Amino acid sequence: VGEFDAEERSLITLQAGLNAVLFPLAIGGDGLGRWHPFVTAGAGNMWYNMNSNFTEGTATAFDVNVGVGMRLLVDRNVSVRAEILLHRNELEWTPAEYYTELNEGTTRVPLNEYPVLEDGTIDEHPVESFSANTISALHWMIGVQGSF
């Protein structure tokens with residue numbers, strides 16, 4: 001489809017999960033000082049919704065992540081936290097039955113594929129599945145944290 005694809009897609013993602021945070025300098029000590037480096041890891045689920053004529057609905061993927069960060073204690077109750085996470089999941093979209101509708105919805109265009117067979121003929125049939133893709137995404141965050 002490439003350059004002839006007239007779709008202008010957007011992608012909305014939602015991620016939910018549980019992460020564990022470990023402050024290595026606080027192990028066996030009192031964690032004094034203003035700078036507190038940490039490591040984090042977690043697992044959860046990720047939902048992908050793309051406005052595409054080729055896909056049907058929302059795709060779901062199990063997500064794992066690992067990361068590092070730094071927490072700066074501004075005062076006793078307020079801190080600034082920055083972290084970088086690497087997310088990894090495997091995503092597989094469900095193909096749409098119809099690519100588009102023409103003539104005010106009276107004509108439906110099926111989502112077909114046209115593989116060339118060994119004898120040189122073309123076999124037309126509906127797309128039944130898409131290949132799974134492994135997604136690795138880098139996520140960064142800067143935030144303010146309050147403890148009251």
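Guide: Start with the sheet. Five strands form an open sheet in the order β1-β2-β3-β4-β9, with antiparallel pairing. β1 (11-22) and β9 (133-146) stand at the edges; each has a single partner strand, so one side of each is left without a neighbour in the sheet. From one strand to the next, the twist averages 25°. Angles run from 0 to 180 degrees between N-to-C directions, and the axes are lines fitted to C-alpha atoms.

Visitor: What is this model, and how are its residues numbered?

Guide: This is a predicted model: local features need pLDDT of at least 70, side-chain atom pairs count only at pLDDT 80 or more, and totals for chains, interfaces and linings use all residues. Residues are numbered from 1 along each chain as its sequence is written, and side-chain values use heavy atoms, with hydrogens and water left out.

Visitor: How many helices and strands does the chain have?

Guide: Both are DSSP runs, numbered from the N terminus: helices are H or I with at least four residues, strands are E with at least two. The chain has nine strands and zero helices. Along the sequence, the pattern reads β-β-β-β-β-β-β-β-β.

Visitor: How do I read the strand pairing?

Guide: Count bridges. Two strands pair if DSSP finds at least two bridges between them. Strand β2 (residues 35-50) and strand β3 (residues 59-73) run antiparallel, joined by 14 bridges. Within that pair, F38 has G69 in β3 as its bridge partner. Next, 11 bridges join β3 to β4, again antiparallel. These two strands form a hairpin with four residues between them. Then β4 and β9 run antiparallel over 14 bridges. L86 has L138 in β9 as its bridge partner.

Visitor: What about β5 and β6?

Guide: Strand β5 (residues 98-102) pairs with strand β6 (residues 107-110) in the antiparallel sense, over four bridges. L102 has T107 in β6 as its bridge partner. The hairpin has four residues between the strands, and N103 takes a positive phi near 55° there.

Visitor: Which side chains of β4 are buried?

Guide: In a regular strand the side chains alternate between the two faces of the sheet. Buried means under 20% relative accessible area, exposed over 50%, and partly exposed in between (1.4 Å probe, protein chains only). In β4, S79, R81, E83, L85, H87, N89 and L91 point to one face and are buried.

Visitor: Take N89. What surrounds it?

Guide: N89 belongs to strand β4 (residues 78-91). Its relative accessible area is 5%, so N89 is buried. D63 stands opposite N89. The side chains of N89 and D63 also make a polar contact of 3.1 Å. A polar contact is a pair of N or O atoms within 3.5 Å; within protein, one must be able to donate a hydrogen and the other to accept it, and residues adjacent in sequence count only if both atoms are side-chain atoms. Contact means heavy atoms within 4.5 Å. Leaving aside neighbours within four places in sequence, N89 is in contact with M46, Y48, A61, F62, D63, N133, T134 and I135.

Visitor: And H36: buried or exposed?

Guide: H36 lies in strand β2. H36 counts as buried because its relative accessible area is 13%. A polar atom of the H36 side chain lies 2.9 Å from the backbone oxygen of G33. Not counting residues up to four places away in sequence, H36 touches F23, G31, G69, M70, R71 and L73.

Visitor: How many salt bridges are there?

Guide: Side chains of opposite charge can pair when their charged atoms come close. A salt bridge is a side-chain nitrogen of Lys or Arg within 4 Å of a carboxyl oxygen of Asp or Glu. By this rule, the count is two. One joins E83 and R81, with the closest N and O atoms 3.0 Å apart. Both of these residues are buried. The other joins the side chains of E101 and R108 at 3.4 Å, N to O. E101 is partly exposed because its relative accessible area is 46%. R108 is partly exposed too, at 47%.

Visitor: How do I read the overall dimensions?

Guide: The chain has 23 Å, whereas a compact globule of 148 residues would have a value near 15 Å. Along the principal axes, the C-alpha atoms fill a box of roughly 75 × 40 × 25 Å. Buried residues make up 22% of the 148 residues.

Conventions. Rg over C-alpha atoms; globule rule 2.2 N^0.38 Å.
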